[in-house]
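Notebook open, structure loaded. I want to go through the charged pairs, then the pocket, then the surface.

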Amino acid sequence: MKKYVGTKMIEARPMDRGEYNRYRGWTIPEDENPADEGYLVKYSDGYESWSPKKQFEEAYRDCMGMNFGIALELSKKGVRVARENWNRGMFVVYQKGYPQGIPCNKQTAEAWGMDEGDLFVCNPYLQSRLEDGSHSMWIPSMDDILADDWVIVE
């Protein structure tokens, strides 16, 4: 079998197996322990399930204190991310770029020696929103890459 790793954002709360069965209105099977620790898990499409504690904690971590890899994967799914200690209002987003090109405006055409309206092909990049509300292309520092204090910005 091939190995897979996943990145998705879910909502969850601690709930033992017995609580989950009562929540669903089910009778717990005789061969299952109602005291088994676990989590009620809600996915982005609204689907809910129960996960045993060990498997849940191997697969998920709190969105407060993520590493850069997880933050980057979430940003590729449209989530705004930031370092916990960044000033309020600052965050990073993933820009998909323009692989098919976008017509150049006058400023871009002049900067690149192109004609206005020529297609400007742009690869994906990271963009930051700065404290003053302006935006810039962004490249993470070594500290950013190795930090475990990345958070989701609502």
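**Entry 1: D149 and R83.** I began with D149, which forms a salt bridge with R83, the closest N and O atoms being 2.4 Å apart. My cut-off for a salt bridge is a side-chain nitrogen of Lys or Arg within 4 Å of a carboxyl oxygen of Asp or Glu. This pair links distant parts of the chain: D149 sits in the loop between α5 and β10 (150–153), R83 in strand β4 (residues 80–83), and they are 66 residues apart. For element names I use DSSP runs numbered from the N terminus: helices are H or I with at least four residues, strands are E with at least two.

Buried or exposed, D149? D149 is buried, with a relative accessible area of 17%, and R83 is buried too, at 13%. The classes are buried under 20% relative accessible area, exposed over 50% and partly exposed in between (1.4 Å probe, protein chains only).

**Entry 2: what I am working with.** This is a predicted model, so I note that local features need pLDDT of at least 70 and side-chain atom pairs count only at pLDDT 80 or more, while totals for chains, interfaces and linings use all residues. Residues are numbered from 1 along each chain as its sequence is written, and side-chain values use heavy atoms, with hydrogens and water left out.

I checked pLDDT (the predictor's confidence in each residue, from 0 to 100). The mean for the protein chain is 93, and 100% of its residues reach 70 or more.

**Entry 3: other salt bridges.** How many salt bridges does a search of the whole structure find? It finds seven. One of them joins the side chains of R17 and E32 (3.4 Å, N to O). R17 is in helix α1 (residues 17–24) and E32 in the loop between α1 and β2 (38–42), 15 residues apart. R17 counts as buried at 17% relative accessibility, whereas E32 is partly exposed at 30%. I also see R17, E32 and D36 linked in a network of salt bridges.

Next I looked up E37 and K53, whose side chains meet in a salt bridge (3.8 Å, N to O). E37 lies in the loop between α1 and β2 and K53 in helix α2, so the pair ties together parts that are 16 residues apart in sequence. E37 counts as exposed at 52%; K53 is partly exposed at 31%.

**Entry 4: largest pocket.** I get about 450 Å³ of space in the largest pocket. It has 19 lining residues, and K8, I10, A59, Y60 and R61 are the closest to its centre. β1 (11–14), α2 and α3 (68–76) are the elements that give two or more residues to the lining. Which element gives the most? That is α2, with three residues.

The volume is the space filled by probe spheres set on the points, which are joined across faces, edges and corners.

Entry 5: N67 is in the loop between α2 and α3 and is partly exposed, at 25%. N67 and L146 are 79 residues apart in sequence and 7.1 Å apart in space, C-alpha to C-alpha. I145 lies in helix α5 (residues 142–146) and is partly exposed, with a relative accessible area of 36%.

Terms used
1 Å grid on protein atoms, 1.4 Å probe; cavity = no way out; pocket = protein on both sides within 12 Å on 5 of 7 lines; lining within 4 Å.
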